[in-house]
Amino acid sequence: MVTIYALHHEGKYLSATKSNVPDKIQQNKTVHNSVSSIGVSVSPSSLSQRNESRALFGKRISKKSIMLTPLSDPRLVSTNVSFEIKMTKIHYKRVAFLKVHKAGSTTAQNIFLRYGESRNLTFVLPIIRQDHWDNVIGIESTLNDYNILPPPLNKTYDVLCCHVLYNSEAFHKYMPNDTAYVGIVREPFDQFLSTLNYFGAPHIFERIKALNKVLKYLHNPTQYEHGIPYWWSFTNNRMAVEFGFPSNLFRHYSEENSMNYLRKLDKEFQFVIIMEYFTESVVMMRRILGWTTKDVLYFRQNAARKSYSFADNTHRYMYERYAKLDYDLYNFFYKRLWSQIQKEGLDFHSELLYFDRLRKEVEDYCRSKVDKSSNYIVSASKWSPAFVVSRDDCDYLDMNEMVFVERIRRRQYGFQKRGNLMEKMFLSSSNHK
């Protein structure tokens with residue numbers, strides 16, 4: 001109860017502080033540094049233990065006194081507690097996320113969609129084209145003037161998180177210099193199986209005549225990839241394709257040249273998520289980007305089944321000897337993740353435990369049938385100021401990617417549907433500037 005009072009009381013305090021500090025980042029620092037401690041000790045607990053008291057409290061006070069604007073920056077909510085909130089020295093406002101197919105990227109993308117939408121940031125969005133997914137910029141090409149909408153007048157791009165092939169020169173052409181680059185990878189054989197399950201593969205399932213077509217393919221993948229451009233195939237080192245590996249490596253593999261390119265990526269990407277260690281990755285990413293705990297909450301989305309009828313783990317070695325670029329990529333950033341975590345010390349593991357429990361609590365709140373007339377209030381911790389999860393937050397956490405992208409398109413440009421005349425007018429006027 002005391003913590004809730006602190007939230008309400010601090011809401012008034014922040015209003016007074018806000019008018020005196022024009023810069024938002026400095027304002028947040030001023031608020032956190034100037035509040036006095038009342039020595040409240042809080043710790044995470046389960047939804048079932050806290051829900052009843054929160055619901056009762058929610059009936060005693062107006063929603064206005066505790067509800068945040070949907071997806072508002074939780075750093076603007078503070079409490080009178082003595083916790084030392086850990087923030088990195090650099091706060092990245094802008095981010096380019098390389099959304100790799102069938103690597104858990106839809107779950108990760110929701111984090112970046114919510115982050116940008118909550119701050120009214122400008123997204124890189126694809127031009128709507130016939131026979132093309134409206135949330136995909138390109139699966140065979142990188143960013144160019146023909147596959148993305150120009151930014152609105154007097155705006156620069158802040159967030160990129162739709163499917164497109166990585167190219168350092170192209171990305172830096174469109175994204176500002178202070179952009180953080182984030183990617184995602186998955187164990188290559190699992191990514192391969194998920195790709196087959198989701199997309200199918202005509203050169204495997206239609207052309208190969210065998211009882212088990214996938215095993216037949218795995219005995220000699222090069223034979224069945226012959227004649228298919230590497231950038232078009234979803235089964236020929238696809239993650240390396242999307243990370244922009246040099247074209248000659250797909251024809252003639254060289255471990256030395258592969259490592260040279262990975263060292264280049266190491267300098268260009270602030271962080272790469274490992275799907276198999278998604279929660280660990282998200283906590284580490286929060287620290288690197290200087291974001292808040294609320295910013296990186298997630299629900300798993302677009303998850304497929306883990307077992308497939310056409311192959312299993314005993315066939316992994318067959319794919320490993322073929323997909324050398326993908327395994328180089330995965331192993332390189334797998335090792336880097338654990339190196340980054342090791343440098344954080346034991347405090348990282350304490351935050352990981354806290355975040356994992358909190359994430360499950362929030363998901364239970366959003367998806368359960370308990371009383372939702374009051375918001376879910378998260379007490380301050382060592383790693384985050386207090387914040388509120390509203391019903392709108394729940395909707396955004398669970399929002400379908402296509403719906404989310406179209407919502408942003410409408411906010412930025414005033415149109416969303418395929419073939420809309422307003423899009424043609426906008427593109428026409430942009431081309432004459």
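At 10% relative accessibility, Lys102 counts as buried, where buried means under 20% relative accessible area, exposed over 50%, and partly exposed in between, with a 1.4 Å probe and protein chains only. Lys102 is placed in the loop between β1 and α4; helices (H or I, at least four residues) and strands (E, at least two) are DSSP runs numbered from the N terminus. Although Lys102 is not a glycine, its phi is positive, at about 55°.

The model is a predicted one, in which local features need pLDDT of at least 70 and side-chain atom pairs count only at pLDDT 80 or more, whereas totals for chains, interfaces and linings use all residues. Residues are numbered from 1 along each chain as its sequence is written, and side-chain values use heavy atoms, with hydrogens and water left out.

The protein chain as a whole contains 19 helices and 6 strands. Of its 433 residues, 55% are buried. The chain exposes about 20,700 Å², and carbon and sulfur atoms supply 52% of this area; accessible areas come from the Shrake-Rupley method with a 1.4 Å probe, and for residues only the protein chains shown count as cover. Contact means heavy atoms within 4.5 Å. Among contacts between residues at least 6 apart in sequence, 76% join residues at least 24 apart.

The loop that holds Lys102 also holds Lys99, between β1 (94-97) and α4 (105-118). Lys99 is buried because its relative accessible area is 2%. Leaving aside neighbours within four places in sequence, Lys99 is in contact with Ser105, Thr106, Gln109, Cys161, Cys162, His163, Glu242 and Glu401. Its C-alpha atom is separated by 9.5 Å from that of Tyr166, 67 residues away along the chain.

The loop between α4 and β2 (159-160) contains Asn120. This residue, which is other than glycine, has a positive phi near 60°. Its relative accessibility is 44%, so Asn120 counts as partly exposed. Thr142 has its place in the loop between α4 and β2 as well, but at 19% relative accessibility Thr142 counts as buried. Not counting residues up to four places away in sequence, Thr142 touches Asn147, Val164, Leu165, Tyr166, Asn167, Ala170 and Phe171.

Attention now turns to helix packing around α15. Helix α6 (residues 188-199) packs with helix α15 (residues 324-344) at an angle of about 120°, their axes being 9 Å apart. Axes are lines fitted to C-alpha atoms, for helices over the stretch in contact, and angles run from 0 to 180 degrees between N-to-C directions. The arrangement makes α6 oblique to α15; angles under 35 degrees count as roughly parallel, over 145 as roughly antiparallel, 65 to 115 as roughly perpendicular and the rest as oblique. Pro188, Phe189 and Gln191 of α6 meet Asp326, Tyr327 and Tyr330 of α15. By class, this contact has 4 nonpolar, 1 polar and 1 charged residues, where Ala, Val, Leu, Ile, Met, Phe, Trp, Tyr, Cys and Pro count as nonpolar, Asp, Glu, Lys and Arg as charged, and the others, Gly among them, as polar.

Helix α12 (residues 255-268) also meets α15: their axes come within 10 Å and cross at roughly 40°. That makes α12 oblique to α15. The crossing is right-handed; a crossing is left-handed if the near helix is turned anticlockwise from the far one by less than a right angle, and right-handed if clockwise. Ser258, Met259, Leu262, Leu265 and Asp266 of α12 make the contact with Leu325, Asp328, Leu329, Phe332, Phe333 and Arg336 of α15. Its residues comprise 7 nonpolar, 1 polar and 3 charged. Helix α12 also includes Asn257, which at 35% relative accessibility counts as partly exposed. Asn257 and Pro246 are 11 residues apart in sequence and 9.0 Å apart in space, C-alpha to C-alpha.

Helix α13 (residues 278-289) packs with α15 at an angle of about 65°, the axes being 11 Å apart, and this crossing is left-handed. Glu280, Ser281, Met284, Arg287 and Ile288 of α13 make the contact with Leu337, Trp338, Gln340, Ile341 and Glu344 of α15. These residues divide into 5 nonpolar, 2 polar and 3 charged.
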